[in-house]
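Try each task before reading its solution.

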Amino acid sequence: MSCKYKIGVIGAGFMASAIVSGAIRSNVVSPSEVIVSDVFEPALLKMTDMGVATTTDNLYLVNNSEFVLFAVKPQSLSEVLEGIKTGKCTKFLSIMAGVKKQRIKDCFALSKVARCMPNTPCAIGSGAVGLDVSDFEDESDIAFIKNLLSSLAKVVFVSEDQLGAVTGVSGSSPAYFYLFLKGIIDAGVKNGLSYNDAKSLAVNTMIGSGKMVLENPDKSLDDLINAVCSKGGTTIQAVNVYNEGGLSDLTLNAVNACIKRSKELENL
């Protein structure tokens with residue numbers, strides 16, 4: 001089926017905007033190949049600034065797009081599906097948390113659905129995405145979906161049943177890092193640093209530490225930890241406090257709680 005648009009995006013929110021802008025910036029698609037729909041017209045105005053087509057008619061979008069990306073809130077999906085169930089598109093991508101592929105496939109016979117879990121750093125092109133493309137066999141379709149997401153994130157291929165774990169490890173983890181970072185900054189302030197100085201030191205150290213992990217693939221995390229610690233030095237004192245406080249177990253419990261809730265949402 002020849003389509004007017006390469007991809008139609010249902011929803012014009014934060015993540016939809018990030019995906020569209022990233023794809024255009026990286027030349028995965030041109031603005032003329034994209035159409036975005038939303039019931040909230042002020043959100044569409046922001047999309048118009050990117051040069052893409054916009055509409056409030058979801059069915060028109062579905063009938064004129066080769067791929068359709070669902071970027072709506074999960075609680076809005078039933079209403080959206082009801083309005084597009086007579087549509088002709090058969091290739092879908094969903095970023096909706098807690099919504100299984102089958103929910104979309106039940107509405108569209110013979111459709112293929114890719115599902116992914118992005119995170120908020122995708123908005124600045126530094127995200128991480130777990131992606132399930134197991135429905136797709138055509139290599140060009142798989143390449144398009146991967147390139148679309150690679151424009152704003154590191155893509156890791158997973159199966160759908162692993163997306164709950166992806167939610168716990170990367171989808172939700174920016175909040176964990178912010179929480180840990182906040183504690184370090186607050187500690188710096190309580191020990192005499194200005195807030196801005198403590199924030200600058202802590203944030204840049206976190207960024208640099210992440211790069212150290214990525215750029216030293218031959219070293220384990222334990223190796224990197226030991227490289228900072230020296231016997232009888234300062235760092236080991238802090239590490240001992242974390243170990244005595246059960247940081248590893250606490251982190252495991254937190255991630256597990258996130259994954260558990262993700263699976264509960266899928267089964268609602």
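**Exercise 1: the second largest pocket**

α1 (14-25), α4 (77-84) and α7 each supply at least two residues of the lining of the second largest pocket; helices are DSSP runs of H or I, at least four residues, numbered from the N terminus. This is a predicted model, in which local features need pLDDT of at least 70 and side-chain atom pairs count only at pLDDT 80 or more, while totals for chains, interfaces and linings use all residues. Residues are numbered from 1 along each chain as its sequence is written, and side-chain values use heavy atoms, with hydrogens and water left out.

Task: find which helix gives the largest share of this lining, and describe the lining by class.

Solution. 
- Step 1. The lining comprises 32 residues, with Gly11, Ala71, Val72, Lys73 and Pro74 nearest the pocket's centre.
- Step 2. The largest share, 4 residues, belongs to α4.
- Step 3. Sorted by class, there are 17 nonpolar, 12 polar and 3 charged residues.

**Exercise 2: helix α12**

Task: check the span of α12 and decide where its buried residues lie.

Solution. 
- Step 1. Helix α12 (residues 247-266) has 20 residues, so at 1.5 Å a residue it should span 28 Å; the end C-alpha atoms are 29 Å apart, which agrees.
- Step 2. Val255, Cys258, Ile259, Ser262 and Glu266 are the buried residues of α12 (under 20% relative accessible area, with exposed over 50%, for a 1.4 Å probe and protein chains only).
- Step 3. Down the axis of α12, these buried residues fall within an arc of 95°, so they line one face of the helix.
- Step 4. The face turned away from the buried side carries the exposed Asp249, Leu250 and Lys260.

Conventions
Expected span 1.5 Å × (residues − 1). Arc of directions from axis to C-beta. 1 Å grid on protein atoms, 1.4 Å probe; cavity = no way out; pocket = protein on both sides within 12 Å on 5 of 7 lines; lining within 4 Å. Nonpolar A, V, L, I, M, F, W, Y, C, P; charged D, E, K, R; others polar.
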